[in-house]
Amino acid sequence: MDRITATKTARLADECDAKFRLSDAVKNAIASTDREAFVPAGFRHNAYKLDALPIGGAQYISSPLTVAKMTEYLIPRGADRVLEVGCGSGYQAAVLSHLFRGVFTIERIEPLIMEAKKRFRDLGLNNIHARTDDGQNGWISYAPYDRILFSATAKEIPAKLFEQLADGGILVAPLQKGDKQVITRFIKNGSKITEEELEDCDFVPILDGVQK
């Protein structure tokens, strides 16, 4: 990352921290991730604003503040492997790559995952593993995961994803609850799942199947 980009990402991290108190680790992860690399060329001038931006396929790159919040809600400290459902542009996965040894991310829209993989390669983010699939299936080959993050709104969490969550693990997801969406954190302790509502939100919905 060049000095100008580093200055921009550091300022972005400060702006996120001013609106929502971040741990040093999450703040540094935001500051270490070049958001401009994940934004379509026509929107690069807005890359360092706290706005969600369209990326194609009726999808959006989330606001940096939303990404920072979701990352913080995961409580990444002490965790080793994270599964992300809904890769999109790859920006959230890139932020996670600075906090986890292994990041496993799934996207149902094939052109988006191909673009994200290229960004990961170009940025040298070698600890991110990405695939095309319906993320609601999880990624059983690399389970269990210490953390699971949904980057799209679900009506419910499939049981198979809780099965792929390690004992003591945390799953964070935007859930559709009536006419609103709520970021919800689940903690798995043996066969018991505890649930905590964190804040209202606005994400694109999870859809079934794969789109070529």
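Which helices and strands each supply at least two residues of the lining of the largest pocket? Before I answer, a word on the basis: this is a predicted model, in which local features need pLDDT of at least 70 and side-chain atom pairs count only at pLDDT 80 or more, while totals for chains, interfaces and linings use all residues. Residues are numbered from 1 along each chain as its sequence is written, and side-chain values use heavy atoms, with hydrogens and water left out.

The elements in question are strand 2 (59-61), helix 3 (64-73), strand 3 (81-85), helix 4 (91-96) and strand 4 (102-107), where helices (H or I, at least four residues) and strands (E, at least two) are DSSP runs numbered from the N terminus. A pocket here is an open set of points on a 1 Å grid over the protein atoms alone, where a 1.4 Å probe fits, with protein on both sides within 12 Å along at least five of seven lines, and lining residues have an atom within 4 Å of a point. The largest pocket holds about 540 Å³ of space, the volume being that filled by probe spheres set on the points, which are joined across faces, edges and corners. Its lining comprises 34 residues, and Gln59, Tyr60, Ser151, Ala152 and Val204 lie nearest its centre.

Turning to the helix packing, helix 1 (residues 3-19) and helix 2 (residues 24-31) pack at an angle of about 140 degrees, with their axes 7 Å apart; axes are lines fitted to C-alpha atoms, for helices over the stretch in contact, and angles run from 0 to 180 degrees between N-to-C directions. That angle makes helix 1 oblique to helix 2, since angles under 35 degrees count as roughly parallel, over 145 as roughly antiparallel, 65 to 115 as roughly perpendicular and the rest as oblique. In this pair, Thr9, Ala10, Ala13, Asp14 and Asp17 of helix 1 meet Lys27, Ile30 and Ala31 of helix 2, contact meaning heavy atoms within 4.5 Å.

Helix 1 also packs against helix 3, at an angle of about 65 degrees and with the axes 10 Å apart, which makes helix 1 roughly perpendicular to helix 3. Leu12, Cys16 and Lys19 of helix 1 make this contact with Pro64, Leu65 and Ala68 of helix 3.

Finally, two backbone details. Ala143 and Pro144 are joined by a cis peptide bond, with omega about 5 degrees, and Pro144 sits in the loop between strand 5 (128-132) and strand 6 (145-150). Ile75, in the loop between helix 3 and strand 3, has a positive phi near 50 degrees although the residue is other than glycine.
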